[in-house]
Amino acid sequence: MKTRYSYFCPCPRGLEAALAEELNEIGQINKTLHVHTQVPGGVHCSGELSDAYRINLYSRIASRCLLRMAHSGYINENDIYDLTLEQPWEDWFGYHHTIRVDVTGIKCPLKSLEFATLKIKDAICDRFRDQFTQRPSVDTKMPDMRIVGFLDARNFTVYLDTSGEALFKRGWRLETGDAPLRENLAAGLLRTAGWKPGIPLLDPMCGSGTILIEAAQMLAGIPPGLHREFAFEKFGSFDQEEWQAIKDQVKLTHIPEVPSIFGSDISGDAIVMTRNNLNKAGIKFEVPLKQIEAQEIKAPTDAPGILLTNPPYGERIGVRGDGSLEPDDLARDFFSSFSTTLKQRFTGWSVFLFTADLGLPKFLRLKESRKTPFFNGALECRLFRFDMVAGFNRREEAKPKSDA
């Protein structure tokens with residue numbers, strides 16, 4: 001019987017339920033992955049080592065897949081050192097590998113997380129030195145192995161990162177625009193919006209194309225981790241044949257004959273970036289892209305679909321705006337025009353706008369049907385949903401001019 005391990009998969013805050021749903025889907029492949037509790041910032045699960053391979057290959061929403069080495073109560077830094085020292089690190093990697101240690105805490109009573117980080121590093125190095133007279137070196141930029149400590153008010157957990165580079169780094173991004181969405185956040189927004197392959201999708205302010213590329217890879221059946229490397233490939237217990245067999249199970253879907261994913265942006269440079277990134281991401285089918293202002297767009301299909309975008313704010317709105325206007329006036333003009341376009345041309349569509357501007361519905365003069373809280377890093381955001389029902393525009397025209 002194969003050994004089972006406990007895992008923690010962190011994710012952007014607000015996407016815990018979406019990640020749990022995704023992990024349950026991954027668990028259907030081999031029936032050995034079990035999803036447990038959701039906590040703020042991630043999901044606990046358990047399974048065989050091969051399940052960590054699958055999570056890294058298939059998860060679009062997780063930031064990492066962390067394997068739990070130990071969990072215990074603590075009083076001071078010496079307890080942290082002792083528990084770390086007891087773990088069989090040599091079973092997982094060698095002294096020739098480089099390491100990095102990161103520690104986070106919630107309501108942790110210790111004075112310094114940096115000192116706790118140092119104690120974990122010392123314990124790992126001391127264990128190797130005691131056994132082999134040599135110890136791993138520290139590399140904070142490109143380590144072979146990442147060790148993660150988590151401290152709350154009473155308990156200490158130490159993890160070994162199976163992912164290496166964060167999972168949102170898919171390996172396709174050549175170029176980025178201003179403040180691009182992380183790939184796993186874009187994937188989570190698509191899931192939260194209810195988009196599935198085959199439903200028309202439009203991003204009218206696509207930037208470097210992150211939302212479009214995540215959707216296109218889902219449509220093509222390309223797992224996000226198919227073309228990158230992971231830390232678990234350097235584990236002492238790594239099974240190359242099993243990993244290859246898991247990758248061989250990937251089933252790419254047929255190229256669609258009729259486009260269903262569409263993008264546009266005011267910036268020609270953004271369109272070029274998106275096209276280059278689509279090519280690097282292995283998308284072989286057409287994703288129609290237009291250089292056009294968001295206020296001028298039209299529905300790209302007869303059938304209604306989903307419009308999902310991360311609208312610009314501040315200076316980005318003013319790419320072709322009136323430089324004499326104050327930022328708030330510029331935003332008000334932009335979103336007023338965009339709102340009119342949505343009402344006139346997108347009847348039947350579900351519109352999702354992801355923004356840190358919590359007053360956006362006021363600018364649009366629309367009442368959201370749902371707002372979902374998220375965090376983009378430390379920035380509090382909302383995913384606003386607007387259902388564009390028939391009659392929106394007639395109601396607007398019926399208003400007195402002074403209210404318009």
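**Helix α2 and the chain around it**

Student: What do the buried residues of α2 pack against?
Tutor: They pack against β1 (5-10), α1 (16-30), β3 (42-47), β4 (66-73) and α7 (240-248). Keep in mind that this is a predicted model.

Student: How many residues of α2 are buried?
Tutor: 9 of the 10, with the helix running over residues 49-58. So α2 is largely enclosed by the rest of the structure.

Student: Which ones are they, the buried residues of α2?
Tutor: Leu49, Ser50, Asp51, Ala52, Tyr53, Arg54, Ile55, Asn56 and Leu57.

Student: Zooming out. How many helices and strands does the chain have?
Tutor: 11 helices and 15 strands.

Student: And how much of the chain is buried?
Tutor: 51% of the 404 residues count as buried.

Student: What about the radius of gyration?
Tutor: The chain has 24 Å. A compact globule with 404 residues would be near 22 Å, so the value agrees.

Student: What does the C-alpha trace span along its principal axes?
Tutor: About 80 × 50 × 35 Å.

Student: Contacts next. What share comes from residues 24 or more positions apart?
Tutor: 78%, counting contacts with a separation of 6 or more.

Student: Last one, charges. How many positive and negative side chains are there?
Tutor: 50 positive and 53 negative. The centres of the two sets lie 4 Å apart.

Methods. Residues numbered from 1 in each chain as written. Predicted model: local features only at pLDDT ≥ 70, side-chain atom pairs only at ≥ 80, totals over all residues. Heavy atoms only, no water. Buried < 20%, exposed > 50% of the residue type's maximum accessible area, 1.4 Å probe, protein only. Helix = DSSP H or I, 4+ residues; strand = E, 2+ residues; numbered from the N terminus. Contact = heavy atoms within 4.5 Å. Rg over C-alpha atoms; globule rule 2.2 N^0.38 Å. Lys, Arg positive; Asp, Glu negative; His and termini not counted. Charge placed at Lys NZ, Arg CZ, Asp CG, Glu CD.
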